[in-house]
Amino acid sequence: MKKFIAMLLFGTMCISTLAGCGNADKAKAEESDWAYIQDEGEMKVGMTLFAPMNYYDDDNNFVGFDTELANAVGEKLGVKVNFIEINWDSKEIELNSKNIDCIWNGMCITEERKQNMSISDPYLYNTQAMVMKADREEEIMKSVDGLTITAEQGSTGEGKIDGSIEDDDTVVVSAKEYFANANYVPSDSMAKALMEVKSGTADVAVVDSVCALAMVGPETDYADMVVNMDNQFGQQEYGIAFRKGSDITEKVNEAIAALYEEGKVDEIASKYGLSDALVK
């Protein structure tokens, strides 16, 4: 009888152990972003619309540097890339809820973002630019006190203005101090920040230089506006953000490295006038 009970207990322990192992393996699989994306059959890329990163051209084709680079990486990894337009201020919520799998849209790397997300190797240099009406540039650059300043909500521009992104040793002029006596109003996107200046509801838009140089000037929708980077608010680098601890981060790094070796990254950058901004 005792022998039977011992064997029964041993069998129960084995079943429990196997079940435990199965659950552990299941949990491990669930923790793998790469396995999740493979199961889904696609990588959902969160983005906002702005040139030259992700935008629609005159023929309504969805193009841009990040658009083409993400598609090239997807091809390398053997997964479809699905672009989803998001509210930039809610990007981390969208990511962690798995509405998207990554943020790939000219996102500046910051210490706070590195703590909350897994971020790829940097791939483009950027800085913050002031955009204003060309006929008001001299007046505005003398003083921004009392003027209305706008930037994309949740952006690096906003972080520089409100001081939530600390200055580093690349900063010549502190944006927080420079705009201390101005009136700040957030916009939904960088494109909308430019529209606020165009319509006259804002005096200055603080946006990524990569965006400003592509969207503002002669033969653009903002031909009467100018880009000013005299203040040198600091240098940033763009990175791709994934969920914290995501195992796909390194796979994307490896894919981009391979695309550099093949000359594909340089080819795409040249197409969008970003060759000098590449981080190599």
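The model is predicted: local features need pLDDT of at least 70, side-chain atom pairs count only at pLDDT 80 or more, and totals for chains, interfaces and linings use all residues. Residues are numbered from 1 along each chain as its sequence is written, and side-chain values use heavy atoms, with hydrogens and water left out.

**The whole chain.** Select the chain and colour by secondary structure: there are 12 helices and 12 strands, taken as DSSP runs (helices H or I, at least four residues; strands E, at least two) numbered from the N terminus. Of its 280 residues, 47% count as buried, that is, under 20% relative accessible area (1.4 Å probe, protein chains only).

**The largest pocket.** Next, select Ala 51, Tyr 55, Tyr 56, Met 215 and Asp 221, which lie nearest the centre of the largest pocket among its 14 lining residues. A pocket is found on a 1 Å grid over the protein atoms alone, as an open set of points where a 1.4 Å probe fits, with protein on both sides within 12 Å along at least five of seven lines; lining residues have an atom within 4 Å of a point. Then show strand E2 (55-56) and helix H10 (209-215), each of which supplies at least two lining residues.

**The second largest pocket.** Finally, turn to the second largest pocket, which has 15 lining residues; select Ile 109, Thr 110, Glu 111, Ile 165 and Asp 168, the closest to its centre.

Methods
Buried means under 20% relative accessible area, exposed over 50%, partly exposed in between (1.4 Å probe, protein chains only).
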